[in-house]
Amino acid sequence: MSHHDLLCDPHAHLSRRTLLGAGAGGAMLSTIAHQLAWADAVGATETSRPKNVILLWLEGGPSQLETFDPHPGSSIGGEVKAIPTSVPDLQIADTLPRVAEKMHLGSLIRSVTSKEGDHQRAIYNIKSGYRPDPTLVHPSIGSILCHEFPEQLDIPRHISILPQNAPARGGYLGPVYDAFKIGDPQNPVPDLKSPIAEDRFERRMKDLQWLEGRFRQQRLRDLDQNRTLHQSSTDAALRMMSSEQVSAFDVSNESKETLEQFGQTPFGRGCLAATRLIGAGVRCVEVTLGGWDSHITNHSLQSARCEILDAALAALLDRLVEQDLLETTLVVCGGEFGRTPQINPAEGRDHWPHGFSTFLAGCGIRKGGVYGATAADPKLDPDKPLADVGNPITIGDLHATILSTLGVPYHEERQTPIGRPLKISEGEPVGAVLA
């Protein structure tokens, strides 16, 4: 597999809005200096906007054969048909007609492989880049991004919309980097309005500050920063409650036409909110669409999920292009594994980590690219599960590719709380999908 140098510049400058709101504090200036110094080290000092990521998380295991890698007419093809896309000689399943028109905006990897075939372990693996380890919890992509490029924002910079079994976590970086979780964006973010009068609320906050001060007396200096997070969490909540940036969560003022383009579904509204949040300065938004676990009636189940995904993904890409955000926003669309080539007696497909698909677009990703392949007539040798996969890549390689486009020094080590050095990623970028 070919490797690739960083092509998407790795530093992340603060926006004019953030600088105006942050003042001239030394900590802020030192953050910029650190980022520029690292950019100089890799020869990438070009001025640019911060890099962001939107993760469209398809939980349950979407079938590659019913989405991005169909083999119609073959023994494994099932009921789908293949349709042309905006990329010459590239076809995807007829379940994604609108997405087919947007394939020129990104690259499709058809050869992702994993050693995890269990949902819980596979989700952990693909969200963190590492297989589960009982000695520590690895951070997710959004947590790493926010840790590497600290900035001040009134709302959380790492957000999970419609989280299900495994929302993104900060892991050994600390719970401060956990994703902020919300539900359907048609509903207001809960607990942002005080239920009592303002003067009474202010008195309560003064009493809380007094109590907080007394509690911290004679205790560790880093009590809040590294242990309780009580004061910092309270301060962040108060900033958010009074910030105009909260409006980025609200999709109710979008036009009816826009809402219909994304699809009148929670996932569609989540994707619309993701574009608004990225535009407001949020660095990572994860939007979950579950229900892909098709052990029975695979075709109808996968088709129903694809109908939701098709509208939302196509509209999201259009919106990012229209708002000049795609060049600085990486879109990642995929799940924890794929589905078996064989159709089981219940007309379903089972778990399959040996060659599944992930779509990437924006932020240094090659446009109109395709990497890897799966066989239309696989031998399915249990002793050689990758024999039917052309140019297989690991989960670690996928992570390194994502992190490199975001400007994260994926090859560097970071210290865990117990002093254990650990690489940010254990893979290498796939050069063929980088611009």
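Let me start at Asp-324, which is found in the loop between α11 (298–322) and β8 (329–334). Helices (H or I, at least four residues) and strands (E, at least two) are DSSP runs here, numbered from the N terminus. Phi of Asp-324 is near 55°, a positive value in a residue other than glycine. The residue is partly exposed, with a relative accessible area of 46%. For the cut-offs: buried is under 20% relative accessible area, exposed is over 50%, and partly exposed is in between, with a 1.4 Å probe and protein chains only.

A word on the source. This is a predicted model, with local features needing pLDDT of at least 70 and side-chain atom pairs counting only at pLDDT 80 or more, while totals for chains, interfaces and linings use all residues. Residues are numbered from 1 along each chain as its sequence is written, and side-chain values use heavy atoms, with hydrogens and water left out.

Asp-89 also has a positive phi, near 70°, and is not a glycine. Its place is in the loop between β2 (82–84) and β3 (91–93). Asp-89 counts as exposed, at 86% relative accessibility.

Now the whole chain. It has twelve helices and 17 strands. Of its 435 residues, 53% are buried. Take the contacts (heavy atoms within 4.5 Å). Among those with a separation of 6 or more, 72% join residues 24 or more positions apart. The accessible surface comes to about 19,900 Å², and 52% of that belongs to carbon and sulfur atoms. These areas come from the Shrake-Rupley method with a 1.4 Å probe; for residues, only the protein chains shown count as cover.

Cys-284 is in no disulfide, and the nearest cysteine sulfur, that of Cys-146, is 6.7 Å away. Cys-284 is buried, with a relative accessible area of 0%. Then there is Cys-306. Its sulfur is 9.3 Å from the closest cysteine sulfur, in Cys-333, and that is too far for a bond. Cys-306 counts as buried too, at 0% relative accessibility.

On a 1 Å grid over the protein atoms alone, a cavity is a set of points where a 1.4 Å probe fits but cannot get out; a pocket is an open set with protein on both sides within 12 Å along at least five of seven lines; lining residues have an atom within 4 Å of a point. Points are joined across faces, edges and corners, and a volume is the space filled by probe spheres set on them.

The search of the whole structure finds four cavities of 30 Å³ or more. The largest cavity has a volume of about 190 Å³. Its lining has 17 residues, with Leu-55, Trp-57, Ile-126, Ile-141 and Val-332 nearest the centre. Which elements give two or more residues to that lining? They are β1 (52–58), α4, β8 and α12 (395–405). By class, the lining has ten nonpolar, five polar and two charged residues. Ala, Val, Leu, Ile, Met, Phe, Trp, Tyr, Cys and Pro count as nonpolar, Asp, Glu, Lys and Arg as charged, and the others, Gly among them, as polar.

The second largest cavity holds about 110 Å³ of space. It is lined by 16 residues, and Pro-341, Trp-352, His-354, Thr-374 and Ala-375 lie nearest its centre. Nine of the lining residues are nonpolar, five polar and two charged.

Back to α12. Eleven of its eleven residues are buried. Its cover includes β4 (106–113), α4, α5, β8, β11 (354–361) and β15 (393–394). After α12 comes Gly-407, with a positive phi near 85°.

Now the second largest pocket, at about 460 Å³. It is lined by 22 residues, and Tyr-124, Asn-165, Ala-166, Pro-167 and Arg-169 lie nearest its centre. Helix α4 (residues 119–128) gives the largest share of the lining, seven residues. The classes are ten nonpolar, six polar and six charged.

Last stop, His-138, in the loop between α4 and α5 (141–148). Buried or exposed? Buried, at 5% relative accessible area. Beyond its neighbours within four places in sequence, its contacts include Tyr-124, Arg-169 and Leu-422. His-138 and Leu-173 are 35 residues apart in sequence, yet 8.1 Å apart in space, C-alpha to C-alpha.

Note on methods. A disulfide is a pair of cysteine sulfur atoms within 2.5 Å.
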